[in-house]
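Hello,

I am handing over the structure we spoke about. Please look through it first; my notes on what was found follow below.

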Amino acid sequence: GGIDGNTTFNSLEDLLYENPYLKPNLDTLKFTRTQISIFGGIKGNLVKKMNYHISTRYSYSKDLPLFMIDTNAFLRNQFDVIYTNVNILNVCANITWQVIDHLYLNFDANYWGYYNLSNATHAWYKPTWQGGFGGKYYYKNKYIFDLNFKLEFDKWAFIPLANNNYVITKMRPILNFDAGFEYLISPQFAAFAQINNIASQY
């Protein structure tokens, strides 16, 4: 366990990875400043070649980015970014398992709690629960195949309507999966291909 803090720049690339439907020209890009973060956890072995790690973290962050529908867009099918101060609780559980030689599986689950938001009633479009499953296979120590699935629950959406009205609704669960391939040309060089967010919803 311990106490720390950090500063992270919210680049356009990072925001687009999380939400590819952002409007073309964002008004501002800010740093998120985690002023204090308290964390701890336990880890060990369940059986041979199967490890677990359970951790929790409570932090206070300033200028966390959230997504909002851009009401100036004609079709209202693009998002803008707002920033909020927030207390965040994250509880994470992870299991890694070497099934056989060259095949590794990974299971993880996350809970995210967002409290005392300064600029929103919910952490818009951020999940409360996440579950993931991934696999990595090494073939002849030269080819690496990678596949990951992620399921997200309890995202809240803010939907603006006419005459300054709006609707707050809980979104249905969302499944994303990524696939990757890597070829190890030499110990120093590798070629790779990655497909992200093959299935997503906002």
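Contact here means heavy atoms within 4.5 Å. By that rule Thr84 touches Ser61, Lys62, Asp63, Leu64, Leu66, Leu117, Ser118, Asn119 and Ala120, leaving aside residues up to four places away in sequence. Please keep in mind that this is a predicted model.

Thr84 itself sits in strand E4, which covers residues 79-100. Its relative accessible area is 1%, and buried means under 20%, so Thr84 counts as buried.

Next, the surface. A nonpolar patch there is formed by Trp97, Val99, Ile100, Phe107, Trp129, Phe133, Leu147, Phe149, Leu151, Phe153 and Leu175, and together these residues have about 900 Å² of accessible area. Two or more residues of the patch come from each of E4, strand E6 (129-139) and strand E7 (143-153). Strand E7 gives the largest share, four residues. Phe153, one of the patch residues, is placed in strand E7 and is partly exposed, at 33% relative accessibility.

Then the charged pairs. The structure holds six salt bridges, among them the following.

- Asp4 and Arg57 meet through their side chains at 3.2 Å, N to O. The pair links distant parts of the chain, 53 residues apart: Asp4 is in strand E1 (residues 2-9) and Arg57 in strand E3 (residues 50-69). Asp4 is partly exposed at 33% relative accessibility, and Arg57 is partly exposed at 30%.
- Glu18 and Lys126 form a salt bridge at 2.9 Å, N to O. Because Glu18 lies in helix H1 (residues 12-18) and Lys126 in the loop between strand E5 (103-115) and E6, this pair ties together parts that are 108 residues apart in sequence. Glu18 is partly exposed, at 31% relative accessibility, whereas Lys126 is buried, with a relative accessible area of 11%.
- Asp27 and Lys23 meet in a salt bridge at 3.6 Å, N to O. Asp27 is exposed at 61% relative accessibility, while Lys23 is buried at a relative accessible area of 12%. Lys23 and Asp27 are also linked with Asp80 in a network of salt bridges.

Regards

Notes:
Residues numbered from 1 in each chain as written. Predicted model: local features only at pLDDT ≥ 70, side-chain atom pairs only at ≥ 80, totals over all residues. Heavy atoms only, no water. Buried < 20%, exposed > 50% of the residue type's maximum accessible area, 1.4 Å probe, protein only. Patch = residues over 30% accessible without salt bridge, like charges linked within 9 Å, V, L, I, M, F, W, Y side chains within 5 Å. Areas by Shrake-Rupley, 256 points an atom, 1.4 Å probe, with all protein chains shown as cover. Salt bridge = Lys/Arg side-chain N within 4 Å of Asp/Glu carboxyl O.
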